[in-house]
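Please examine the sequence and the structure shown below. The explanation that follows them is meant to be read with both in view.

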Amino acid sequence: MYDLPVHNTDGSVLLTFDPIPEASLGDLDPSVPLTASLVVLWWDQKCLMVFNRFRQAWELPGGMIDPGESAGEAAVRELFEESGQRADSLDFAGVTKIRVAPDDRLEFLAVYRGSVDTPQPFAPNDEMSEAVWWSPGEPLTDLYPIDAALATLCPLER
C-alpha cells in the first residue's frame with residue numbers, strides 16, 4: 001500500500017484517494033474542480049500503462065472530462081482513444097485530489113477500475129507511443145509514482 005502524499009517526478013502530488021460512491025461526485029468541494037478521469041485497467045493481474053510521448057512517462061490511460069460529458073463517459077472515451085481498449089467491466093473506484101505542478105492548483109480526478117478478458121493490440125497514436133501490461137511492484141523506468149500508487153490502491157476485486 002502507499003502512504004500519501006505521493007510525489008511525482010514532474011512536481012505534482014497525490015494528496016488523497018477516497019473510495020466514495022460515484023453518486024457522491026456532486027458533493028465534492030466546489031472550490032476544487034473535477035477535471036479528468038483515469039482508468040486502472042486489469043488483465044491477467046497486470047495493469048495497463050501507456051507511454052505519453054509528450055511527458056515522456058508511463059501513466060494510466062485517462063484525460064480531461066469534456067463539457068457535457070460525465071466522468072464515466074470520459075473514462076470510457078479516454079481509455080479507447082489512448083489505448084484502443086474497451087473494458088469488459090468498469091466501475092467507479094474513487095476520487096483523488098492532486099496538486100498539479102507547475103502552477104500548484106488543486107484538482108479532483110475520478111478513478112475507474114476495470115478489466116478486459118482479451119486485450120486488443122495497441123496502435124501508437126498522437127498522444128501515446130506505447131502500452132504495456134505492468135505488474136505492480138515491478139520496475140518500469142519513467143513510470144509516474146502517482147500512477148503506480150493509484151494502480152496499487154485500485155486492485156481488481158475478485
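The paragraphs below treat the record, the strands, the cores, the cysteines, the backbone and the charged pairs in turn.

This is a predicted model, in which local features need pLDDT of at least 70 and side-chain atom pairs count only at pLDDT 80 or more, while totals for chains, interfaces and linings use all residues. Residues are numbered from 1 along each chain as its sequence is written, and side-chain values use heavy atoms, with hydrogens and water left out.

The UniProt record, in an unreviewed entry, carries the annotation "domain: Nudix hydrolase" for residues 30–156. UniProt positions are given here in the numbering of this text, feature names are shortened, and such annotations may be inferred rather than shown by experiment. Helices (H or I, at least four residues) and strands (E, at least two) are DSSP runs, numbered from the N terminus.

How do the strands pair? Two strands are said to pair if DSSP finds at least two bridges between them. E1 and E2 run antiparallel and are joined by two bridges; Val-6 has Leu-14 in E2 as its bridge partner. The hairpin of E1 and E2 has five residues between the strands, and in it Gly-11 takes a positive phi near 100 degrees. E2 also pairs with E7 in the antiparallel sense, over five bridges, and Asp-18 stands opposite Val-95 in E7.

The interior comes next. In soluble globular proteins, nonpolar side chains tend to be buried together. Buried means under 20% relative accessible area, exposed over 50%, and partly exposed in between (1.4 Å probe, protein chains only). A nonpolar core is a set of buried Ala, Val, Leu, Ile, Met, Phe, Trp, Tyr and Cys residues joined through side-chain atoms within 4.5 Å. The largest such core has 26 residues, and Val-40, Cys-47, Met-49 and Leu-150 have the most contacts inside it. At least two residues of this core come from each of strands E2 (13–18), E3 (34–43), E4 (46–52), E7 (89–100) and E8 (105–115) and from helix H2 (145–153). H2 gives the most to this core, with six residues. Contact means heavy atoms within 4.5 Å. Leaving aside neighbours within four places in sequence, the contacts of Val-40 include Cys-47, Leu-60, Val-111, Leu-150 and Cys-154. A second, separate core has 18 residues, including Leu-41, Ala-74, Ala-110 and Trp-133.

Are the sulfur atoms of Cys-47 and Cys-154 close enough for a bond or too far apart? A disulfide is counted when a pair of cysteine sulfur atoms lies within 2.5 Å, and by this rule the count comes to zero. The sulfur of Cys-47 is 8.9 Å from its closest cysteine sulfur, in Cys-154, and is therefore too far for a bond.

A cis peptide bond joins Leu-4 and Pro-5, with omega about 5 degrees; Pro-5 lies in the segment before strand E1 (6–7). Another cis peptide bond joins Ala-101 and Pro-102, with omega about 0 degrees, and Pro-102 is in the loop between E7 and E8. Asp-44, a residue other than glycine, has a positive phi near 50 degrees. Asp-44 is in the loop between E3 and E4 and is exposed, with a relative accessible area of 54%.

Finally, side chains of opposite charge can pair when their charged atoms come close. A salt bridge is a side-chain nitrogen of Lys or Arg within 4 Å of a carboxyl oxygen of Asp or Glu, and the structure holds nine of them. Arg-77 forms one with Glu-81, the closest N and O atoms being 3.2 Å apart. Because Arg-77 and Glu-81 are four residues apart in helix H1 (residues 71–83), about one helical turn separates them. Arg-77 and Glu-81 also belong to a network of salt bridges that links them with Asp-66, Glu-69 and Glu-78. Arg-113 forms a salt bridge with Asp-91, with 3.7 Å between the closest N and O atoms. This pair links distant parts of the chain, with Arg-113 in strand E8 and Asp-91 in strand E7, 22 residues apart. Arg-113 is buried, at 9% relative accessible area, whereas Asp-91 is partly exposed, at 36%.
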